[in-house]
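Hi everyone, thanks for coming.

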Amino acid sequence: MPSLFDIGKSGLQAYRQSLAVTGQNIANVNTDGFKKREVGLQEVSGAGGGVTEISDQTGLGVRVENIRRAFDEFLIDKSRQASSLFQKADTFSKEVSDLENLLLPSDSNLSSSIGDFFSSLQDIAAYPDDQAPRIVSIEKGKDLADQFNMYSVRIENLKDQIEKKANNAVTSVNLLTKQISSINAKILASGTEGSGSNALLDQRDLLLDQLAEV
């Protein structure tokens with residue numbers, strides 16, 4: 001039969017470790033990617049009975065079974081999905097806004113140049129014998145061509161910027177997936193996703209969060 005001292009000692013050891021985990025949670029409250037830990041306790045059962053005696057039902061105390069991360073995985077996954085969808089929509093909105101700002105009417109724009117050119121053609125039709133409308137129409141045609149060339153250069157530059165951003169995003173995704181693969185290999189090598197790999201799991205979750213924002 002275990003002594004009360006041994007049972008009390010096991011309780012002190014288990015709850016001392018629990019307090020240490022609580023202290024770790026407090027110390028890392030602002031650490032990026034850190035997930036709160038909680039201690040799982042397990043009863044240390046008594047010895048089994050023999051032929052001439054019954055088993056000891058009083059137990060031998062308590063011990064720490066594991067130290068696991070305490071968070072809602074379902075909510076974390078939903079948060080990542082929402083973050084990914086937001087980044088996609090936000091990027092599309094910014095690119096469309098840049099294109100819109102490029103094509104919107106201003107003091108000198110493609111729409112007014114087209115209007116001026118066709119107006120000059122109408123002047124030629126109205127005064128076919130007059131050379132002045134022809135000269136004006138030629139100049140308006142040159143202005144229109146210049147406008148087309150200018151907008152073409154701007155759109156091409158915008159396309160190059162978008163391609164550069166896309167290439168940078170691909171590079172970031174490749175780097176993050178490579179790091180995630182490396183962490184997965186370390187977790188697999190540890191043989192368990194228990195308390196020994198909590199830090200690795202936190203690192204992986206942080207990388208997954210970053211991946212969702214690319």
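So, which residues line the largest pocket? They are Gln87, Lys88, Asp90, Thr91, Lys94, Glu95, Ile162, Lys165, Ala166, Ala169, Glu213 and Val214.

Before I go on, a word on what we're looking at. This is a predicted model, where local features need pLDDT of at least 70 and side-chain atom pairs count only at pLDDT 80 or more, while totals for chains, interfaces and linings use all residues. Residues are numbered from 1 along each chain as its sequence is written, and side-chain values use heavy atoms, with hydrogens and water left out.

Back to that pocket. By pocket I mean an open set of points on a 1 Å grid over the protein atoms alone, where a 1.4 Å probe fits, with protein on both sides within 12 Å along at least five of seven lines; a lining residue has an atom within 4 Å of a point. The volume of the largest pocket is about 280 Å³, counted as the space filled by probe spheres set on the points, which are joined across faces, edges and corners. Helix H2 (73–103) and helix H4 (131–190) are the elements that give two or more residues to its lining. H2 supplies the largest share, six residues. Helices here are DSSP runs of H or I, at least four residues, numbered from the N terminus. By class, the lining has four nonpolar, two polar and six charged residues. Charged means Asp, Glu, Lys and Arg; nonpolar means Ala, Val, Leu, Ile, Met, Phe, Trp, Tyr, Cys and Pro; the others, Gly among them, are polar.

Some of those charged residues pair up. In general, side chains of opposite charge can pair when their charged atoms come close. I call it a salt bridge when a side-chain nitrogen of Lys or Arg is within 4 Å of a carboxyl oxygen of Asp or Glu. Asp90 and Lys94 make one, at 3.3 Å from N to O. Both sit in helix H2, four residues apart, about one turn of the helix. Lys165 and Glu95 make another, with their closest N and O atoms 3.4 Å apart. Lys165 is in helix H4 and Glu95 in helix H2, so this pair ties together parts 70 residues apart in sequence.

Are Lys165 and Glu95 buried or exposed? Lys165 counts as partly exposed because its relative accessibility is 46%, whereas Glu95 is buried, at 14%. The cut-offs, with a 1.4 Å probe and protein chains only, are under 20% relative accessible area for buried, over 50% for exposed, and partly exposed in between.

Now the second largest pocket, with about 150 Å³ of space. Eleven residues line it, and Arg69, Phe71, Glu73, Arg204 and Asp205 lie nearest its centre. H2 and helix H5 (198–212) each give two or more residues to this lining. The classes here are four nonpolar, no polar and seven charged.

Asp205 lies in helix H5 and Arg80 in helix H2, so they tie together parts 125 residues apart in sequence. Both are buried.

How many salt bridges does the structure hold? Twelve. Asp205 and Arg80 also belong to a network of them, linked with Lys35, Arg37, Arg69, Asp77, Asp202 and Asp209. That's my tour, thanks!
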